[in-house]
Amino acid sequence: MAVPVEKVKVLVLGDSGVGKSSLVHLICQGEAMGNSAWTIGCNVDVKLHDYREGTPHEKTFCVELWDVGGSINHSLSHSVFFNSAHGLVLVHDLTNRKSQENLRRWLGEVLSRDAGKKYSGEPDYDEEVFSENQLPALVIGTKMDRIPDSNLEEVLSRSSSVAGQCRADFINLDCMQNKHLAAGTTNAVKLSRFFDKVIERRYYTQDSRGRLGSQERRRPPSMTRTFSPTFVQEKID
């Protein structure tokens with residue numbers, strides 16, 4: 001009988017066209033995506049992650065990456081997918097400053113949903129509120145290959161500042177280059193540490209009443225699971 005693998009849910013959020021689907025494919029499949037597509041609704045992919053790899057506490061977990069479509073036209077349906085999230089990957093396009101600024105709006109949506117409020121559409125993200133929420137986050141800048149060398153330092157500095165505002169670590173990469181997340185690279189190490197943080201909070205952090213994180217531990221699900229959200233993709237011409 002197969003041993004069930006415990007799981008965590010990580011939201012992948014950001015504006016339409018920043019490369020979320022390509023990023024998720026690179027993380028989960030270890031290779032660049034051949035054909036890009038717009039995501040409408042939500043697409044879920046999974047990655048097996050070895051928590052605290054190389055230590056006596058090593059254990060394999062299933063990381064569900066929920067790639068939420070970034071179209072503003074479907075913003076009212078975004079919160080359907082935010083339920084019971086354990087971590088956030090916030091994605092922006094390094095060549096599109098507006099996509100960086102909009103990460104505050106995405107955080108505002110998540111925090112409003114977590115607080116049980118209806119999102120007003122305003123970027124009401126508050127750094128102190130997010131810090132108290134303690135939801136692990138990672139900021140990823142994409143399309144690094146499209147930055148002119150003359151602007152590289154300025155753009156990367158701005159990306160670092162965005163991550164600082166979100167109180168998160170950051171990665172900058174080109175989703176079309178497998179080497180940018182190759183084992184042993186700085187990017188791969190940061191991603192692995194982020195997944196460890198998400199798992200740590202979900203399964204190993206106790207509050208003052210001795211409960212695990214914000215949710216009680218439950219019987220782990222089987223890996224052969226049917227995901228509840230549906231999704232549709234439209235191919236880009």
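Tutor: Two strands pair if DSSP finds at least two bridges between them, and strands (E, at least two residues) and helices (H or I, at least four residues) are DSSP runs numbered from the N terminus. This is a predicted model, in which local features need pLDDT of at least 70 and side-chain atom pairs count only at pLDDT 80 or more, while totals for chains, interfaces and linings use all residues. Residues are numbered from 1 along each chain as its sequence is written, and side-chain values use heavy atoms, with hydrogens and water left out.

Student: How do you know that strand S1 and S4 pair?

Tutor: Strand S1 (residues 7-13) and S4 share 4 bridges in the parallel sense, and the definition asks for at least two. Leu88 in S4 is the bridge partner of Leu11. S4 also pairs with strand S5 (residues 137-142) in the parallel sense, over 6 bridges, and there Asp93 has Thr142 as its bridge partner.

Student: What makes strand S4 largely enclosed by the rest of the structure?

Tutor: A residue is buried under 20% relative accessible area, exposed over 50%, and partly exposed in between (1.4 Å probe, protein chains only). Of the 7 residues of S4 (residues 87-93), 7 are buried, so the strand is largely enclosed by the rest of the structure. Gly87, Val89, Val91 and Asp93 point one way, and Leu88, Leu90 and His92 the other way. In a regular strand the side chains alternate between the two faces of the sheet.

Student: Why is Glu6 called buried?

Tutor: Glu6 has a relative accessible area of 7%, and the cut-off for buried is under 20%, so Glu6 counts as buried. Glu6 is found in the segment before S1.

Student: What makes the contact of Lys59 and Glu6 a salt bridge?

Tutor: A salt bridge is a side-chain nitrogen of Lys or Arg within 4 Å of a carboxyl oxygen of Asp or Glu, and the side chains of Lys59 and Glu6 meet at 2.6 Å, N to O. This pair links distant parts of the chain, with Lys59 in strand S3 and Glu6 in the segment before S1, 53 residues apart. Lys59 has a relative accessible area of 33%, so Lys59 is partly exposed.

Student: Why does the pair of Lys190 and Asp169 count as a salt bridge?

Tutor: The closest N and O atoms of Lys190 and Asp169 are 3.6 Å apart, and the limit is within 4 Å, so the pair meets the definition. Lys190 lies in helix H6 and Asp169 in strand S6 (residues 169-172), 21 residues apart.
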